[in-house]
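This explanation leads the reader through a structure step by step. Please keep the sequence and the three-dimensional view at hand while reading.

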Amino acid sequence: MAAQDCIDAVKAALGEDGTQKQLEEIFELLERRSKAKMRDDPSLSREQAMIAAAQNLASEKKLAALIARYNE
């Protein structure tokens, strides 16, 4: 996935109400998580680690949404 594709995907997930600050915070979080993944598995490329971090974050957000819906 090209960098611009990743940016576009995050912007789409944020929606029109997303701010530049929110976008930056998400990418900082993804950067930290991808670095941790590369430390855990040095065979991963930067792109592979970033994709894995993004997938992990998406799974966490889906789970949080399900829990919130359950608690309503």
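Leaving out residues up to four places away in sequence, S34 touches A49, M50 and A53; a contact here means heavy atoms within 4.5 Å. S34 has its place in helix α2, which covers residues 20-40. Helices (H or I, at least four residues) and strands (E, at least two) are DSSP runs, numbered from the N terminus. The relative accessible area of S34 is 1%, and the residue is therefore buried. The classes are as follows: buried means under 20% relative accessible area, exposed means over 50%, and partly exposed lies in between, with a 1.4 Å probe and protein chains only.

Some notes on the model are needed at this point. The model is predicted, so that local features need a pLDDT of at least 70 and side-chain atom pairs count only at pLDDT 80 or more, whereas totals for chains, interfaces and linings use all residues. Residues are numbered from 1 along each chain as its sequence is written, and side-chain values use heavy atoms, with hydrogens and water left out.

The pLDDT is the predictor's confidence in each residue, on a scale from 0 to 100. Its average over the protein is 86, and 96% of the residues score at least 70. Confidence is lowest in helix α1 (residues 3-14), with a mean of 77, and highest in α2, with a mean of 91.

The overall architecture can now be described. The protein contains three helices and zero strands, and its pattern along the sequence reads α-α-α. Taken along the principal axes, the box filled by the C-alpha atoms is roughly 45 × 25 × 20 Å. Of the 72 residues in the protein, 12% are buried. Among the contacts with a separation of 6 or more, 19% are between residues 24 or more positions apart. The accessible surface amounts to about 5600 Å², and carbon and sulfur atoms hold 54% of that surface; such areas come from the Shrake-Rupley method with a 1.4 Å probe, and for residues only the protein chains shown count as cover.

Charge is the next topic. The protein carries 11 positive and 13 negative side chains, and the centres of the two sets lie 5 Å apart. In this count Lys and Arg are positive and Asp and Glu negative, while His and the chain ends are not counted. The place of a charge is taken as NZ of Lys, CZ of Arg, CG of Asp or CD of Glu.

Side chains of opposite charge can pair when their charged atoms come close. A salt bridge is a side-chain nitrogen of Lys or Arg within 4 Å of a carboxyl oxygen of Asp or Glu. By this rule, the count is three salt bridges.

One of them joins E25 and K21, whose closest N and O atoms are 2.9 Å apart. Because E25 and K21 are four residues apart in helix α2, about one helical turn separates them. E25 is partly exposed at a relative accessible area of 40%, whereas K21 counts as exposed at 55%.

Another salt bridge is formed by the side chains of R46 and E31, at 2.9 Å from N to O. R46 lies in helix α3 (residues 46-70) and E31 in helix α2, so this pair ties together parts that are 15 residues apart in sequence. With a relative accessibility of 51%, R46 counts as exposed, while E31, at 21%, counts as partly exposed. Apart from its neighbours within four places in sequence, E31 is in contact with R46 and M50. M50 is also one of the residues that S34 touches. The C-alpha atoms of E31 and A54, residues 23 apart along the chain, are separated by 9.5 Å.

A further salt bridge links R33 with E60, the closest N and O atoms being 3.0 Å apart. This pair connects distant parts of the chain, with R33 in helix α2 and E60 in helix α3, 27 residues apart. Both partners count as partly exposed, R33 at 23% relative accessibility and E60 at 38%.

Helix α1 remains to be visited. I7 has its place in this helix α1, and I7 is partly exposed with a relative accessible area of 25%. The C-alpha atoms of I7 and G18, eleven residues apart along the chain, are separated by 12 Å.
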